[in-house]
Each structure stands twice: as structure tokens, then as C-alpha cells.
Amino acid sequence: MGVIEVEGLRKRYVGWRGKQTTALDGLDLSVPEGGVYGFLGPNGSGKTTTIRCLLGLIRPSAGSSRVLGVDSRRSLGEVVSRVGSIVETPRFFPNFSGERNLTLFAGLDGIEPTRVRAALETTGLTERARDSFRSYSLGMKQRLGMAAVLMKDPELLILDEPANGLDPAGIVEVRELVRRLGAEGRTVFVSSHLLAEVQQMCDRVAILNRGRCVAAGPVDDVLTQGGGGRLVVRVEEPRRAEDVLTRAGFEVTRDGDAVLVTGTGRDGAQVSRCLAGAGMYPWEITAQTVDLETVFLELTGRETSG
Amino acid sequence: MSALLAVELRRAFSRRFVHVLAAMALAIIVVAGFGVFLSAETEAPAAKARSELLETCQYESDVARCQAEVPTVSEIESGDIFVVSDDPRFELTELWPDEPGSFDIGILPTTTLLGFFLAIVVGASLIGAEYRAGTIETLLVWEPRRLRVVAAKLLSTAVVALLLYLTFQTLLALALLPTAVFRGVTEGADAAWLGHLVVSLLRIGAIVAALAVVGGSFAVITRNTGGAIALVFAYLIGVEVMVQSLSDGLNRWFVVPNLVLATGLIPVDFELTRSAAAATVLLLGYLATLVAVTAGLFRTRDLG
């Protein structure tokens with residue numbers, strides 16, 4: 001069983017005039033234990049709504065969710081005590097210093113002051129710990145949010161856009177921190193729109209669109225679902241090469257003088273052997289990999305246009 | 001629960017709004033203390049009466065004869081000669097006269113009216129600010145038991161309002177004490193009077209705390225400080241007055257008349273529709289209903 005199990009989760013909002021908006025439309029999701037799990041989706045796809053449902057901030061209209069093996073609606077107290085979370089921009093008491101904010105929340109969970117100081121140090125906030133939260137930049141607020149999560153020493157971290165507002169150096173720090181936490185055996189569930197970051201940071205991803213999961217699994221598998229890359233073949237007679245490869249069962253398209261081999265089963269050696277069998281000797285076979293951004297745009301665009 | 005309440009209280013007492021309110025109240029108390037001390041009349045009633053009589057002599061043609069006819073202080077004090085004159089000096093018992101229907105003359109009861117108003121504003125502000133800053137959400141991902149959270153929040157507004165009310169009433173009394181001791185009268189301010197004062201302050205302090213809960217509850221319902229204050233005062237000043245003008249019979253069920261009865265600070269011509277105890281029970285019923293509605297909403301409502 002996964003650390004997060006979501007089945008048929010629906011959330012509908014009803015406006016003043018009875019207008020219904022569907023934020024989640026029967027979402028199914030399974031997040032395995034350990035490692036970093038990326039949660040992707042365009043704006044309004046339901047990422048934050050899912051996180052809010054998991055943390056009991058909003059009530060789903062239908063469906064069920066289990067977090068760390070516990071029903072997150074019935075035993076919310078147990079779930080929250082084992083989960084560290086940031087939902088959108090971290091919000092703390094504006095007149096209190098960063099340290100005082102953390103100390104107050106630490107008091108709720110019986111966390112010792114030494115862990116507060118350690119969390120501040122880990123997130124690089126020690127020097128500004130006594131400044132009021134109001135004076136913090138967005139990046140510093142994110143760091144304080146991370147510090148609050150870390151001092152809790154949770155089994156599961158749910159982070160909603162943790163790199164939001166951070167400068168490039170900050171983004172790298174967060175990436176390294178998240179990877180380290182994942183490598184320690186914790187599960188980090190991270191929603192983000194920074195696809196390159198997610199690709200570098202995550203072991204698995206789920207892509208959400210219009211409140212439904214359109215792709216999920218290890219990053220490599222998801223890349224495959226989106227085409228998984230292609231082979232660019234340059235040969236003397238591209239039209240004949242296209243026919244030969246098509247007859248051999250490859251998925252082939254033409255792009256000018258190049259023959260593009262896509263889909264599963266593409267293998268440079270097999271393509272080369274097949275063409276050689278027909279008396280054609282390609283002078284170039286290049287493997288082009290597809291990044292998460294391409295897959296994301298393809299999957300979410302396909303859903304949207306469909 | 002105690003940790004949650006401690007967090008709420010620390011947060012409440014760190015609010016800039018509370019600091020500004022406290023600074024303003026302290027400034028007014030200091031000014032009032034000095035002002036009353038410096039401007040206080042020091043003459044005893046008999047001496048004051050003789051001075052007033054002597055002043056009339058200035059307008060007589062035969063000043064010497066007039067002055068000779070004006071009774072001496074000891075003659076006035078002996079009571080042989082009747083002279084009408086109020087004691088102009090500050091009396092300590094003016095702080096809280098030990099008699100019913102004395103709302104118009106007590107100093108602390110008069111400031112209590114301001115306390116009622118501020119309690120609603122403080123209660124609404126303490127909770128409304130949380131919605132504005134979004135910290136309710138942060139709190140709920142640490143303590144998801146919403147009934148506990150809302151109970152701690154409402155309780156903390158009550159405690160803050162009560163402590164502020166009692167502190168400022170005590171400070172105001174202490175600021176006026178030197179005037180009574182050194183330039184005024186402390187007669188009548190015995191242990192019985194002091195006991196009455198303390199009991200009255202605690203009783204009205206409890207009502208102030210309840211009003212802070214009302215302000216806080218409306219802030220939870222409206223998720224907004226301004227909306228909460230507007231709603232409470234629109235009801236108290238607008239709805240009750242308007243409905244009362246349509247039907248006098250409903251008056252005895254309204255909040256304001258029952259609040260007057262429960263405080264015991266009853267104006268002379270006020271209609272006594274029920275006892276103070278019955279009014280208190282009725283108001284507690286209203287408060288319990290409001291808190292139940294607030295808690296129910298807070299428990300079930302989506303955040304974000």
C-alpha cells in the first residue's frame with residue numbers, strides 16, 4: 001500500500017448562483033513509500049485542491065484518501081502529526097520573528113527548541129531568525145515554511161510549490177534538500193510547475209489535468225508515455241527508408257530529409273540492421289530524448305483539446 | 001488545549017492593535033489622573049459655602065456688614081445654620097457608587113460602556129486578522145481538531161478582553177486615588193464598598209469577555225474583521241432599534257435591554273422587564289447559540 005492512496009476523489013464548488021466548478025474529477029493516485037514524488041499539472045488542474053483534501057483543509061465531495069495507511073478524514077489528527085506540509089505560500093504571524101513563529105508551533109507539538117534552531121540553520125535562516133516574518137522576502141518565507149516542516153521530523157512531506165519565489169541558488173538548495181530527504185527514506189510529495197526541477201528531483205511523477213490523473217509512474221515511464229524520445233535517421237533515400245521501416249513495424253514519420261522513428265521498440269541497432277537489409281546505410285542515427293516539459297505539454301494539451 | 005490557548009494568548013498580546021489600544025488607554029488614564037488631581041476642589045463643603053457667601057458680598061453696598069453676617073466655617077459645620085452646598089471635593093466612592101440606578105454618576109461604569117464597544121472590536125480584530133494573514137490555515141495543518149482551535153481562539157479573545165478591562169479599570173481607579181486621598185474624600189470607601197467594587201468589576205468584566213467572544217464569533221462567520229464589527233453594530237444599533245419601534249413587546253428579548261439589566265448599571269427611567277439574573281441567563285443562552293453556530297461553521301467549512 002502506498003503512503004498516499006487516493007480513490008475517486010471529487011471536489012465540486014457551488015457558487016452563489018448554483019454554478020458548479022469541478023476542481024477534482026475522480027482523481028486516483030498512489031504514492032509509494034520513500035523517494036520524491038512529483039505532482040504536476042497546469043494552473044487550476046487540482047494540485048492544491050488535492051493537497052488541501054489530504055490535509056483536511058477542505059472536504060471532498062466524494063471519494064476517499066488514505067495517508068500513511070490512515071483514513072485522512074476520520075483520523076486527521078494522526079495524519080497531520082506525522083506529516084509536514086507547506087500549502088501554497090507559507091503563512092505565519094506577521095509581527096513575530098521567524099524563530100518565534102517556529103517556537104510557537106513547536107509548542108503545539110512538544111518539539112524542543114534545539115530542533116527549532118537546527119531547522120533554522122538547515123534552511124539558512126539563522127541570521128534573520130529574529131527579524132519579523134513581515135520583513136521576509138518570498139524566498140525567506142518559503143525557507144521558513146521548510147524549516148517548520150523539518151523541525152517536525154515527519155515521515156511524509158507534502159510540499160506545494162516549495163521553490164516558489166526562490167532565486168536560482170535557493171532553488172538548487174531546495175532541490176538538494178528534497179533529494180536528501182527522499183534519500184533518507186522519507187516520502188516527499190512535491191507539487192511544482194518547474195518541470196525541469198521536477199525531472200531532476202523526482203523519482204516518480206503524476207501529471208494532473210482537469211482534476212484527473214493523466215499519467216503516473218517512474219519518470220522514465222512517463223517520458224515514454226509522452227513519446228519517450230525518438231530516433232532521427234538520415235539516409236540517402238528517406239522515402240524508401242520510411243517504407244522499409246514501416247513495413248518492419250516501426251512507427252515512422254518524415255521530417256524533411258530525416259526519418260523519425262518514434263514509439264516503443266525504437267532501437268538504433270535494429271533500425272540500422274533493418275535498413276542495411278534493404279541495402280541502405282544511414283550516415284546518422286541520433287537518439288533525441290524527450291523532457292518532462294514536452295510530455296507535460298503533450299499530455300495536458302491533448303486532454304485540453306480533447 | 002492549554003498549549004493551543006497559550007499560543008493564542010501570546011499571539012493576541014503581541015498584536016500591534018492591542019498595543020496601540022493599551023497605549024491610548026494608558027495615556028488617557030495618566031492625563032485623567034493628573035488632570036483631576038490638579039483641578040480638584042480642595043475646600044471642605046462648609047468652607048466652600050462660606051466662600052460662596054462671601055463672594056455675594058462683593059455686590060453689596062455695605063461690604064463690611066455683609067461679611068460680618070456671613071457665618072463662620074465652624075458655625076456652618078455645626079449645622080446650626082442651614083446652608084445649601086454640595087461637597088465639591090472628589091469622593092472615592094464616585095468611582096462606583098454603591099446604589100442601584102447610578103449609571104449616570106459612576107466613573108468606572110461610564111468607562112464600561114467604552115469597554116463594551118472595544119471588547120467587540122478586539123474580539124473581531126484578533127480573529128479577523130488571522131483570516132486576513134492566512135495563518136488559520138497554517139495553524140490547522142499543525143492542529144487539525146477544529147473544535148479545539150475555535151474554542152481556544154474564542155477563549156483567548158475572552159481572556160484578553162477581560163484582562164484588558166480589569167487592568168484599565170484598576171489603573172484608572174489607582175490614577176484617581178491620590179486625588180481622593182490628598183485633595184478629596186475617602187469617606188464611605190470601606191471594606192464593604194471595596195468588595196462591592198470588586199464584585200461589580202468582575203461581573204461586568206465577564207460581560208466584556210462575552211462581548212469579545214461575540215466579536216470573535218462574527219469574525220469566524222464573516223472571515224473578516226470589518227464585516228464582523230459592521231454586522232454586530234448593525235444588529236445592535238440598527239435592527240434592534242428598528243424592530244423595537246415596530247413592536248414594543250419584543251423589547252424584552254433584545255440584547256441591549258438585557259445587557260443593561262445584566263450589568264446592573266440601570267438608568268433611572270429604565271423599564272425593568274426581568275431580573276438581572278434572568279437577563280444574564282437569557283444572554284448566556286444567546287451566546288451559547290452563537291458559539292455553537294460558529295463552531296459548527298468552523299468545523300465544516302472549507303479553507304482556501
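A:Arg254 is partly exposed in the predicted model, with a relative accessible area of 34% (buried means under 20% relative accessible area, exposed over 50%, and partly exposed in between, with a 1.4 Å probe and protein chains only). A:Arg254 forms a salt bridge with A:Glu242, in which the closest N and O atoms are 3.5 Å apart (a side-chain nitrogen of Lys or Arg within 4 Å of a carboxyl oxygen of Asp or Glu). Because A:Arg254 lies in strand E12 (residues 251–255) of chain A and A:Glu242 in helix H9 (residues 238–247) of chain A, the pair ties together parts that are 12 residues apart in sequence. Helices (H or I, at least four residues) and strands (E, at least two) are DSSP runs, numbered from the N terminus.

Further salt bridges occur within chain A. The side chains of A:Glu237 and A:Arg240 meet in one, at 3.5 Å from N to O; A:Glu237 is partly exposed at 38% relative accessible area, and A:Arg240 is partly exposed at 34%. A:Arg186 pairs with A:Glu184 in a salt bridge, with 3.1 Å between the closest N and O atoms, and A:Glu184 counts as partly exposed at 47% relative accessibility. Over all chains the count comes to 21 salt bridges.

Residues are numbered from 1 along each chain as its sequence is written, while chains are lettered from A and ligands numbered from 1 in the order in which they are written. As this is a predicted model, local features need pLDDT of at least 70 and side-chain atom pairs count only at pLDDT 80 or more, whereas totals for chains, interfaces and linings use all residues; side-chain values use heavy atoms, with hydrogens and water left out.

Chain A contains 11 helices and 14 strands, and its C-alpha trace spans about 75 × 50 × 35 Å along its principal axes. Of the 306 residues of chain A, 50% count as buried. A:Gly277 lies in helix H10 (residues 268–277) of chain A and counts as exposed, at 70% relative accessibility. The C-alpha atoms of A:Gly277 and A:Val244 are separated by 9.5 Å, the two residues being 33 residues apart along the chain.

At the interface, 30 residues of chain A are in contact with 26 residues of chain B (contact means heavy atoms within 4.5 Å). The two chains bury about 2,500 Å² between them, 61% of it on carbon and sulfur atoms; buried area is the accessible area (1.4 Å probe) that two parts lose on being put together, summed over both. A:Leu57, A:Arg91 and A:Leu108 supply 24% of the area that chain A buries against chain B, more than any other three residues. Between chain A and chain B there are 2 salt bridges. B:Glu137 forms a salt bridge with A:Arg52, the closest N and O atoms being 2.7 Å apart. Strand E1 (4–14), helix H2 (76–82), helix H3 (98–109) and helix H5 (138–151) of chain A are the elements that give two or more residues to the side of chain A that touches chain B. H3(A) gives the most to that side, with 6 residues.

In chain B, B:Thr157 is found in helix H8 and counts as buried at 1% relative accessibility. Not counting residues up to four places away in sequence, B:Thr157 touches B:Gly123, B:Leu126, B:Ile127, B:Ala212 and B:Val213. Helix H8 (residues 146–183) of chain B also holds B:Leu177, which is partly exposed, with a relative accessible area of 32%.
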